[in-house]
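Hi there,

Here is the structure I promised to pass on to you. Have a look at it first, and then read on for what turned up in it.

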Amino acid sequence: MKFSLFSPAKINLFLRVLGRRQDGYHELATLIQTIDLADTLTFTLAKEDRLTSTDPTLPTDSSNLIIKALQLFRKQTGLNIPVDIHLEKKIPIQAGLGGGSSNAATTLKALNTLFHTQISNEELQSWAAELGSDVPFFFSTGTAYCTGRGEIVQNVRHIPLPPFELRKPQEGLSTSEIYKALDLSECASHDPKQLLNDFLSGKLEFINDLEKPAFRLLPSLATFKQKLTEGGFTSSFMTGSGSAWVCLYSVSL
Ligand code: C5P
């Protein structure tokens, strides 16, 4: 048996950091939505495990979230059937677009189908938090308000957006480095619940508390952003921990 699934990217429409936690993570309130950009994962029952990818720079060992998801599925179900996985990579890495997290979620869903294990979406979502803070989002309906370290997912309705393009500087950004460079006193003061209500009623206010540390870690981002404005975009905002930006010609629909 062989089948393929899309593994979509996400953008953070707003991302507020509310504080540092005892466990080293940060308390977040973020509105996330999947977008059309997607990787494709193909799963085949095989004689032995194998992960291949169209991106030669991606590790295919257990540091890859796809392998971590496979190991988690095996730990939870006790099933140990070999599987061949091929990743057609379209989502840039170290971009804040959730590519790795999405691949992990897609792997859990695919294995559930491939092995007829009939585990509920909710249960797979609860396992997913172990793989990364963003992974549970990919079990949502596509738009969700996420809190905690990002793993508490509340589905909300789809937010219509004006046409946008993604731009990413060559340099990527590491999520943990961005959080280390974050100065909480620089964060916005907007109430995230209010921001959420605004988005749901059509008022789009794109805020990302991780932009300031990104500019500090990657000073060339200032020139990059300047070029976006010169290129005719009236507005742009970083997604997640970057380094990709969502660029708009107009903020109205
Ligand atoms: O959860 P995930 O493994 O994706 O997080 C990567 C890193 O980003 C964490 O090790 C942590 O340093 C940082 N992080 C954080 N607060 C969050 C999410 C991630 O500090 N809410």
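This is a predicted model: local features need pLDDT of at least 70, side-chain atom pairs count only at pLDDT 80 or more; totals for chains, interfaces and linings use all residues.

A polar contact is a pair of N or O atoms within 3.5 Å.

A polar side-chain atom of H26 is 2.7 Å from a ligand oxygen atom, and a polar side-chain atom of S133 is 2.5 Å from an oxygen atom of the ligand. Which residues are around the ligand? They are G24, Y25, H26, L28, G132, S133, R149, T175, S176 and Y179.

Two of those residues have a further link. R149 lies over the face of Y25, with 4.9 Å to the ring centre. There is another case of this kind elsewhere: K109 lies over the face of F139, at 5.1 Å from the ring centre.

Next, the aromatic rings. A search of the whole structure turns up ten aromatic pairs. One of them is formed by F14 and Y145, a tilted pair with 6.4 Å from centre to centre and 50° between the planes. This pair links distant parts of the chain: F14 is in strand β1 (residues 2-20) and Y145 is in strand β5 (residues 143-148), 131 residues apart. Are these two residues buried or exposed? F14 is buried, with a relative accessible area of 0%, and Y145 is buried too, at 6%.

F14 has another partner. The ring centres of F14 and F199 are 5.8 Å apart and their planes are at 35°, so this pair is tilted. Because F14 lies in strand β1 and F199 in helix α5 (residues 192-200), the pair ties together parts that are 185 residues apart in sequence. F199 is buried, with a relative accessible area of 2%.

P192 and L18 are 174 residues apart in sequence, yet their C-alpha atoms are 9.2 Å apart in space.

Some buried polar residues are worth a look as well. T143 is in strand β5 and is buried, with a relative accessible area of 3%. What joins the side chains of T143 and Q33? A polar contact of 2.7 Å does. N208 sits in strand β8 (residues 207-208) and counts as buried at 9% relative accessibility. The side chain of N208 reaches the backbone nitrogen of L210 at 2.8 Å. A polar atom of the N208 side chain also lies 2.9 Å from the backbone oxygen of M238.

How many disulfides does a search of the whole structure find? The search finds zero. Take C187 as an example: the nearest cysteine sulfur, that of C146, is 18 Å away. Since a disulfide needs two cysteine sulfur atoms within 2.5 Å, C187 is in no disulfide. C187 is buried, with a relative accessible area of 15%, and C247 is buried as well, at 0%.

Finally, a few points about the backbone. A cis peptide bond joins G242 and S243, with omega at about 15°. S243 is found in the loop between β9 (235-238) and β10 (245-248).

The loop between α2 (99-114) and α3 (121-128) contains H116, whose phi is near 50°, a positive value in a residue other than glycine. H116 counts as exposed, at 63% relative accessibility. Q118 lies in the loop between α2 and α3 too, and Q118 has a positive phi of about 50° although it is not a glycine. Q118 is exposed, with a relative accessible area of 76%.

Enjoy exploring it!

Best wishes

Methods
Residues are numbered from 1 along each chain as its sequence is written. Side-chain values use heavy atoms; hydrogens and water are left out. Rings of Phe, Tyr and Trp (its six-membered ring) pair if their centres lie within 6.5 Å; planes under 30 degrees apart count as stacked, over 60 as edge-to-face and the rest as tilted. Helices (H or I, at least four residues) and strands (E, at least two) are DSSP runs, numbered from the N terminus. Buried means under 20% relative accessible area, exposed over 50%, partly exposed in between (1.4 Å probe, protein chains only). A charge sits over a ring if NZ of Lys or CZ of Arg is within 6 Å of the ring centre and within 35 degrees of the ring normal. A residue is near a molecule or strand if one of its heavy atoms lies within 4 Å of it. A polar contact is a pair of N or O atoms within 3.5 Å; within protein, one must be able to donate a hydrogen and the other to accept it, and residues adjacent in sequence count only if both atoms are side-chain atoms.
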